[in-house]
Every structure is written in structure tokens, then in C-alpha cells.
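Subject: Structure handover and findings

Hello,

Here is the structure I said I would pass on. My notes on it follow below the entry.

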Amino acid sequence: IRMERAQENAIQIARFLQQQKEITQVIYPGLESHPGFRILQKQARGFGAIITFEVQSKEAALSILKNVRLVQFAESLGGVESLITYPITQTHADVPKEILAQNGITDKTLRLSVGIENIKDILQDLQNAFQKLQEKSK
């Protein structure tokens with residue numbers, strides 16, 4: 001039941017992220033544009049609740065991390081609460097730079113572990129963080 005709710009939230013968040021001008025890439029297997037979409041559709045019961053996305057700059061990534069309130073900035077993944085990580089300094093801090101580059105992990109990469117909160121609350125939190133980013137860049 002937890003994963004069903006988290007996955008329902010994740011697809012809505014992934015679609016929301018695709019619409020944000022500050023985002024250059026959204027990686028989520030539940031999006032039809034993802035190379036593994038068709039395979040997972042046949043072989044799995046869902047697409048998971050982890051979304052990776054890239055923003056236009058390191059400053060944008062740090063701004064988002066600073067301005068989310070409901071979504072917690074934490075390293076753990078897979079809980080009932082929504083968490084956001086900054087892989088370059090957290091989960092992948094010890095990975096050599098050449099391997100990070102091969103895997104597309106940069107200082108503009110963020111990873112979201114979607115929880116079971118009300119989707120409207122999660123989207124509002126993200127919207128607020130993006131709005132503050134836009135205000136800052138004016």
C-alpha cells in the first residue's frame with residue numbers, strides 16, 4: 001500500500017518537474033520518455049518512487065535544498081516521508097569524479113525519494129521552492 005501511494009505521487013511529481021523551466025532533465029522510469037519504461041511496464045508492478053532530476057546550476061540545486069520544507073533534505077531513501085538528496089556531497093561523495101561523470105551525476109543533480117504525504121502538499125512545497133529560486137534569479 002505504501003509503494004502504491006508513493007508511486008502515484010512520484011508520477012505526478014515527475015510530470016510537474018518536467019514543466020519547470022529551471023530543470024534540464026527528469027529521470028523517472030514511469031515517464032514514457034524513459035528508456036526502461038516499456039520493459040518495466042511488462043515486468044514490474046510499478047515504477048518506484050525515486051526521481052532524479054537536474055537543474056540549470058549548482059546554485060539552483062542548493063536553493064531548492066534550502067527552500068523545501070515538507071520534503072526533508074536527508075540522505076535516507078525509501079521511507080514513508082518525501083526526502084531529497086544532493087548526491088554529489090551525500091550518497092556519492094566518495095565516488096571518483098570520472099565515475100560520477102560517466103553516470104551523469106553533477107553538482108546540478110538532485111534525487112527525490114517520494115513519500116506518501118498528500119500529493120497537493122508535496123507539489124506545493126516544491127512549487128514554493130521553485131518560486132523562491134525564480135525570485136532569487138530576478
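To begin with the rings: how many aromatic pairs does the count come to? The model is a predicted one, and in it the count comes to one aromatic pair. The partners are Phe16 and Phe130, in an edge-to-face arrangement with 6.1 Å from centre to centre and 65 degrees between the planes. This pair joins distant parts of the chain, as Phe16 belongs to helix H1 and Phe130 to helix H5, 114 residues apart.

Next, the helix packing around H5.

Helix H1 covers residues 2–18 and helix H5 covers residues 119–137; their axes come within 10 Å and cross at roughly 30 degrees. Angles under 35 degrees count as roughly parallel, so H1 is roughly parallel to H5. The crossing of H1 and H5 is right-handed. On the H1 side, the contact is made by Arg5, Asn9, Gln12, Ile13, Phe16 and Leu17. H5 contributes Ile119, Ile122, Leu123, Leu126, Gln127 and Phe130 to this contact. Sorted by class, the contact of H1 with H5 holds eight nonpolar residues, three polar and one charged.

H5 also packs with helix H3 (residues 58–67), at an angle of about 130 degrees and with the axes 9 Å apart. H3 is therefore oblique to H5. Here too the crossing is right-handed. From H3, the residues Ala60, Ser63, Ile64 and Asn67 meet Asp125, Ala129, Phe130, Lys132, Leu133 and Lys136 of H5. The contact of H3 with H5 divides into five nonpolar, two polar and three charged residues.

Five strands make up an open sheet with mixed pairing, in the order S1-S2-S5-S4-S3. Strands S1 (23–27) and S3 (72–73) are at the edges, and each has a single partner strand, so one side of each has no neighbour in the sheet. Within the sheet, S4 (residues 83–85) and S5 (residues 109–113) pair in the antiparallel sense, over three bridges. In that pairing, Leu83 is opposite Ser113 of S5.

Regards

Terms used: Residues numbered from 1 in each chain as written. Predicted model: local features only at pLDDT ≥ 70, side-chain atom pairs only at ≥ 80, totals over all residues. Heavy atoms only, no water. Pairing = 2+ DSSP bridges. Helix = DSSP H or I, 4+ residues; strand = E, 2+ residues; numbered from the N terminus. Axes fitted to C-alpha atoms, helices over the stretch in contact; angles between N-to-C directions. Parallel < 35°, antiparallel > 145°, perpendicular 65-115°, else oblique. Left-handed = near helix turned anticlockwise from the far one by under 90°. Contact = heavy atoms within 4.5 Å. Nonpolar A, V, L, I, M, F, W, Y, C, P; charged D, E, K, R; others polar. Phe/Tyr/Trp six-rings, centres within 6.5 Å; stacked < 30°, edge-to-face > 60°.
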